[in-house]
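Visitor: I'd like to go through a structure with you. Can you put it up?

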Amino acid sequence: MKHIPIVPVPIEETELALFEERKKIYPRFQKGWFASWRWTLVALTQILFYGTAWLNWNERQAVLFDLVARKFYIFGFVFWPQDFIYLAVLLVISALSLFLFTAVAGRLFCGYACPQTVYTEIFLWVEHKVEGDRNARLKLDAGPLTARKFSLKFIKHFIWLAIGLWTGFTFVGYFTPIRELSFSVGNLTLGPWETFWLLFYGFATYGNAGWMREQVCKYMCPYARFQSAMFDKDTLIVTYDTQRGDPRGSRNKKVDYKAKGLGACVDCGICVQVCPTGIDIRNGLQYECIACGLCADGCDQVMDKMGYERGLIRYTTEHAVTRKLDRAAMWKRVFRLRTLIYSGILGLIILASAASLYYHMPLKVDVIRDRGMPRVTETGEIENVYRLQVMNTQESPRRFSIAIQGVNGASIVNNADIDVKSATTKAFPVRVRVPANVLPTGSNRIRFVVKDLDKPEVNVTEKAVFIVPR
């Protein structure tokens with residue numbers, strides 16, 4: 001048998017990238033109905049964020065989270081650590097609102113109110129004004145570094161940094177009174193923590209909105225990953241009508257595209273060019289879609305030029321497209337049992353929270369009995385010593401009376417009336433005496449009643465224990 005040599009076949013080496021290489025997105029500036037709503041929300045959110053910090057209420061900052069004093073001022077309310085339950089309620093309301101809005105109309109928050117989306121839109125607007133529209137930016141970045149290119153880039157990044165630092169300054173202004181903060185910045189006497197958070201928040205805004213942009217939405221935002229769990233076929237989403245649009249193809253405006261076997265989509269790519277995350281909505285719903293609706297604005301603009309009916313890309317539901325439902329039938333399915341349950345639960349929680357805030361008692365009292373043994377006075381009375389901590393959450397000094405209930409003949413030896421400054425907590429020692437043989441030996445329940453002398457309806461009753469020695 002003849003021996004056949006085995007010749008090894010060279011194997012081509014291939015290098016596989018573990019991560020997809022980022023391709024910079026150059027969104028095209030777009031006008032339209034959805035774009036107008038986006039800018040309206042941008043204006044409202046920024047007026048609210050930047051303006052609220054400068055509002056005054058009762059000779060103080062209207063909204064101030066004073067972490068050092070452990071007091072949160074929100075207009076006419078003063079919240080203390082004991083009011084932490086309201087923060088939990090606020091988080092529950094926010095979560096249920098997110099579930100409700102997502103079940104009804106997809107990622108509305110992402111497209112119109114998310115800080116990442118809002119600041120990215122602002123930074124893109126600055127870039128558009130400084131460097132020009134999409135084609136101009138593409139040409140500028142592809143060209144060599146010239147004096148013009150350097151100056152345009154410098155101006156753009158200078159404005160970006162200014163916006164970022166002003167945002168950081170405003171953010172810190174909610175925790176340190178903003179007028180004091182501005183005085184400290186002007187005199188270069190800013191504290192270390194204020195300096196750190198101002199720079200950190202400012203550069204985070206600059207980096208996220210100026211450099212990372214859609215990468216935050218694609219890879220860092222957890223909402224993009226679990227949104228599908230809240231969607232169903234009756235959720236309003238930005239949708240490309242495949243039945244009407246395909247097959248795609250370019251054509252002359254005067255040509256009858258139906259006779260040529262084409263759909264309404266002219267394959268112009270405008271929907272991709274205006275998308276801030278760079279996706280093609282014609283490939284179906286993708287987790288990168290932030291439901292901004294700019295692709296719908298761009299497509300409607302092209303449809304108008306071609307003389308076609310609008311709505312090839314539109315806000316609709318999957319059932320409305322596949323079953324060809326009219327708007328009335330579509331909206332009837334949008335407000336289904338799931339959304340009604342979300343709405344009912346959310347409404348009840350909001351009403352309960354509003355009622356709780358309305359009847360919020362601006363007085364809190366803690367009673368702690370002194371650890372020392374009770375003593376018998378010269379007159380034969382039994383005396384216990386307590387420590388009353390009275391918290392006045394009203395923004396005016398108040399005078400309170402202290403009384404004992406539940407025990408006949410009980411009296412307070414000292415501090416029957418106490419004064420507490422506005423929005424402060426003060427501790428008072430209180431000596432309570434009870435005549436002998438009124439209470440049995442051991443532990444006995446008594447009640448302290450603290451009442452505002454000017455507003456009798458403001459009163460708090462706290463239970464305590466009175467010890468009678470054997």
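Visitor: Which residues are buried in helix α7 (residues 178-186)?

Guide: This is a predicted model, so local features need pLDDT of at least 70 and side-chain atom pairs count only at pLDDT 80 or more, while totals for chains, interfaces and linings use all residues. Residues are numbered from 1 along each chain as its sequence is written, and side-chain values use heavy atoms, with hydrogens and water left out. In α7 the buried residues are Ile178, Leu181 and Ser184. Buried means under 20% relative accessible area, exposed over 50%, and partly exposed in between, with a 1.4 Å probe and protein chains only. Helices (H or I, at least four residues) and strands (E, at least two) are DSSP runs, numbered from the N terminus.

Visitor: Why are they on the same side of α7?

Guide: Because they cover an arc of only 115° around the axis. The arc is that of the directions from the helix axis to the C-beta atoms.

Visitor: Which exposed residues are on the face turned away?

Guide: That face of α7 carries Glu180, Phe183 and Gly186, which are exposed.

Visitor: And what covers the buried residues of α7?

Guide: The cover includes β2 (60-61), α6 (147-172) and α8 (192-212). Contact here means heavy atoms within 4.5 Å.

Visitor: Back to Ser184. Why does it count as buried?

Guide: Because its relative accessible area is 18%. Leaving aside neighbours within four places in sequence, Ser184 is in contact with Thr189 and Leu190.

Visitor: What follows α7?

Guide: Leu188, with a positive phi near 55°.

Visitor: New topic. Which residues does UniProt annotate as "transmembrane region"?

Guide: The unreviewed UniProt entry gives that annotation to residues 36-55, 86-110, 158-175, 195-212 and 340-361. UniProt positions are given in the numbering used here, feature names are shortened, and annotations may be inferred rather than shown by experiment.

Visitor: How far apart are the end C-alpha atoms of 158-175, and of 195-212?

Guide: For residues 158-175 they lie 26 Å apart, and that span is 83% helix and 0% strand. For residues 195-212 they lie 24 Å apart, with 100% helix and 0% strand.

Visitor: How many residues are in the largest nonpolar core?

Guide: It has 47 residues, and those with the most contacts inside it are Val238, Ile281, Tyr308, Leu312, Ile313 and Tyr315. Helix α13 (residues 294-306) gives the largest share of this core, 7 residues. Apart from it lies another core of 27 residues, including Ile382 and Leu439. A nonpolar core is a set of buried Ala, Val, Leu, Ile, Met, Phe, Trp, Tyr and Cys residues joined through side-chain atoms within 4.5 Å.

Visitor: What does Ile313 touch?

Guide: Not counting residues up to four places away in sequence, its contacts include Val238, Tyr240, Ile281 and Cys299.

Visitor: What volume does the largest pocket have?

Guide: About 770 Å³. It is lined by 20 residues, of which Phe65, Ile74, Tyr86, Leu87 and Leu90 lie nearest its centre. The largest share of the lining, 7 residues, comes from α2. On a 1 Å grid over the protein atoms alone, a pocket is an open set with protein on both sides within 12 Å along at least five of seven lines; in a cavity, a 1.4 Å probe fits but cannot get out, and lining residues have an atom within 4 Å of a point. Grid points are joined across faces, edges and corners, and a volume is the space filled by probe spheres set on the points.

Visitor: How many cavities are there of 30 Å³ or more?

Guide: The count is 5, and about 180 Å³ of space lies in the largest cavity.
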